[in-house]
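Subject: Structure handover

Hello,

Here is the structure we spoke about, with its sequence. My notes on what turned up in it follow below.

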Amino acid sequence: MPHSIPGIHHVTAIAGDPQQNLDFYTGILGLRLVKLTINFDDPGTYHLYYGNENGTPGTILTFFPWPGAPRGRHGTGQATVVSFAIPAGSVKFWVERLQASQIRVDGPFPRFDEQVLAFADPDGLQLELIETATGFEPWRQGPVPAEHAIRGFHSVTLTEPGCESTAAFLTGGMGFGKAGEASNRFRYSTGAGSTIDLLSAPELRRGMVAVGTVHHVAWRTPDDAEQRAWQHELATRGHDVTAVRDRKYFHSIYFNEPGGVLFEIATDPPGLTVDEPLDELGRRLMLPPWLEPQRTRIEGALPRLKLPLAG
Ligand code: ZN
């Protein structure tokens, strides 16, 4: 039996234009571009990683930009909201910052005794900033003062036609316990700082993955042995779990949770500094060794990007 999940590793979503995505997450939200690479399964597509200074698991939001692709549909069987932690007392700063960039902000409003700001990224991906006492180290060299900067993920919200089967899955081995309930929102937490909200929405249609939607949610595991234990455990419980895939910065297995959201379990090691030093993360296009011989062709086919100056 594997150990319980220590928390979110990363969240991966689909963007439209890569430059617009880069400018929003680094320039407005103040995250660090911690890796510039490609989708290993689709080398014609960038894979952009944003996070804190070290790109610590628990802070990493990644995007596959699909320029010109249609927007997806928010609905059930989907992670519909990505919520970041901000320090207590920072909501006012963020309202002003987002509004100064002509971003429509909903809130602040209270939820389970925390202050929440809701808004969307340029592709319609729903985001929240939530004041909370805990969090990761921020990126201190970005455009947002460190005292207000994003401190990793607060939680993700999964929208489900009904929450029972997903709730049973989270509590029956993943190590989550019920942490709150308000209207159709059911909160689960690992106690180690990882929170997942389930929204019961039987009236909604099923979501469709395309621009502006989350592709999958990845959970942390400390090493390969623990990951194999998860793979065995999931298969034993009847889940269709993939073979281990080498994502260079971590090793991954994938499966669908009972409500239909694609989950990944990713190892903490080797991490984002496996192929470039910490102070140079995100400055050049990194390719895995098996695609390096094709660098000229791959670079030539990707849209040009203007990278952030800071860092
Ligand atoms: Zn992933």
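His-10 is buried in this predicted model, because its relative accessible area is 2%, under the 20% cut-off. Glu-264 is buried as well, at 0% relative accessibility.

Both residues belong to the zinc site. The protein donors there are His-10 through NE2, His-216 through NE2 and Glu-264 through OE, at 1.9 to 2.0 Å from the zinc ion. Along the sequence these donors follow the spacing H-x205-H-x47-E. His-10 lies in strand β1 (residues 8-15) and Glu-264 in strand β16 (residues 262-267), so the pair links parts of the chain that are 254 residues apart.

The other item is a sheet. Eight strands make up an open sheet with mixed pairing, and their order is β6-β7-β8-β5-β9-β12-β11-β10. The edges are β6 (106-111) and β10 (177-182); each has a single partner strand, so one side of each has no neighbour in the sheet. On average, neighbouring strands of this sheet are turned by 25° against each other, direction ignored.

Within the sheet, β11 (residues 185-189) and β12 (residues 195-200) are paired antiparallel over five bridges. In this pair, Arg-187 stands opposite Asp-197 of β12. Helix α3 (residues 164-171) packs on the sheet and touches β9 (153-160), β10, β11 and β12. The direction of helix α3 makes about 165° with that of β12.

Regards

Definitions and conventions
Residues numbered from 1 in each chain as written. Predicted model: local features only at pLDDT ≥ 70, side-chain atom pairs only at ≥ 80, totals over all residues. Heavy atoms only, no water. Donors = N, O, S within 2.8 Å, 3.2 Å for Na, K, Ca; no water. Helix = DSSP H or I, 4+ residues; strand = E, 2+ residues; numbered from the N terminus. Buried < 20%, exposed > 50% of the residue type's maximum accessible area, 1.4 Å probe, protein only. Pairing = 2+ DSSP bridges. Axes fitted to C-alpha atoms, helices over the stretch in contact; angles between N-to-C directions. Contact = heavy atoms within 4.5 Å.
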